[in-house]
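Welcome! Below are a few exercises, each with a worked solution. Keep the sequence and the structure in view as you go.

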Amino acid sequence: MFDNAWFQGSLLDADTPEAVGALGDAVERVALSHGAWVDLRRGWISGADELFARLMESVPWRAERRMMYERVVDVPRLLCFYGDDAALPDPLLTEARTALDRHYGPELGEPFTTAGLCLYRDGRDSVAWHGDTTGRGSTDDTMVAIISLGTPRALTLRPRDGGGCTLRYEVGHGDLLVMGGSCQRTWEHAIPKSARPLGPRISVQFRPRGVR
Ligand SMILES: O=C(O)CCC(=O)C(=O)O
Ligand SMILES: [Fe+2]
């Protein structure tokens, strides 16, 4: 399906038992403008390369097509969406969601119920600037919690009003990044294409009901 040769497991990750780490004080919050924020917890999932390998095999990855400039084009990444309370494809993801609910529940006021999985096969796969505004994210503060597995890729963020600079987080190998507050409606995020030959990355995005 794609060239796996560039995927290199993290050296630190080799032989590490799979586990969901602590959150609490290990989470670093960066306040952005307009009431948006980003939380970062590096290496949240240990042994994440094993999880990556299982998801590569077990998830029914699908290509999507959409209209662009009056032509139907391939969306440059593979996808699989797990709707409200659908069984997740791996018990470690269920454990991760439970841990996210425990940590963020009091602040979010509701659980994470859906999981969007994306596979970026190489540096040519990407997602353009956008906010997750199909649902309530267009009007309400909310959270989108993203686990990154496999090859690190840049996740970039910029304010919609054009003020300020673009932020760039290299995320992979079990890192957790959470976008919160007004982030979906006042900021945009993207996974830019890379000219470098890069191995595959899987992104798991947990969202509350009605956020997409
Ligand atoms: O790949 C990622 O981490 C981000 C994906 C994303 O922004 C989306 O699917 O809405
Ligand atoms: Fe998004």
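**Exercise 1. Find the strands that helix 1 lies across, and its angle to strand 9.**

Step 1: Locate helix 1 at residues 48-58. Helices (H or I, at least four residues) and strands (E, at least two) are DSSP runs, numbered from the N terminus.

Step 2: Helix 1 lies across strand 9 (144-150) and strand 14. Contact here means that the C-beta atoms of two residues, placed from the backbone, lie within 7 Å.

Step 3: The helix runs at about 90° to strand 9. Axes are lines fitted to C-alpha atoms, for helices over the stretch in contact, and angles run from 0 to 180 degrees between N-to-C directions.

Before going on, note that this is a predicted model, where local features need pLDDT of at least 70, side-chain atom pairs count only at pLDDT 80 or more, and totals for chains, interfaces and linings use all residues. Residues are numbered from 1 along each chain as its sequence is written, while chains are lettered from A and ligands numbered from 1 in the order in which they are written.

**Exercise 2. Work out the strand order of the eight-stranded sheet.**

Step 1: This open sheet has the order 2-3-12-9-14-7-6-5, with antiparallel pairing. Two strands pair if DSSP finds at least two bridges between them.

Step 2: At the edges are strand 2 (28-31) and strand 5 (62-68), each of which pairs on one side only. Neighbouring strands are turned by 25° against each other on average, direction ignored.

Step 3: Four antiparallel bridges link strand 2 to strand 3 (residues 36-41), with V30 opposite V38.

Step 4: Strand 14 pairs with strand 7 over eight bridges, where T114 has R207 as its partner. Strand 14 is also joined to strand 9 by six bridges, and A145 stands opposite F206.

**Exercise 3. Is strand 14 mostly covered or mostly open?**

Step 1: Eight of its eight residues are buried, so by the cut-off each has 20 or more other C-beta atoms within 10 Å of its own; exposed means 12 or fewer, partly exposed is in between, and C-beta atoms are placed from the backbone.

Step 2: In a regular strand the side chains alternate between the two faces of the sheet. On one side of strand 14 are R201, S203, Q205 and R207, on the other I202, V204, F206 and P208, and all are buried.

**Exercise 4. Which residues are around ligand 1?**

Step 1: The shell holds G116, C118, V127, D132, I146, L155, H189, I191, S203 and Q205. A residue counts as near if its C-beta atom, placed from the backbone, lies within 6 Å of the molecule.

Step 2: Strand 7 (112-120), strand 13 (187-191) and strand 14 (201-208) each give two or more residues to this shell.

**Exercise 5. What is the strand order of the four-stranded sheet?**

Step 1: This open sheet reads 8-13-10-11, paired antiparallel. Its edge strands are strand 8 (127-130) and strand 11 (167-171).

Step 2: Five bridges connect strand 10 (residues 153-159) with strand 11; in one of the pairs, A154 has E170 as its partner.

**Exercise 6. Why does R196 count as exposed?**

Step 1: R196 lies in the loop between strand 13 and strand 14.

Step 2: R196 counts as exposed because it has 8 C-beta neighbours inside 10 Å.
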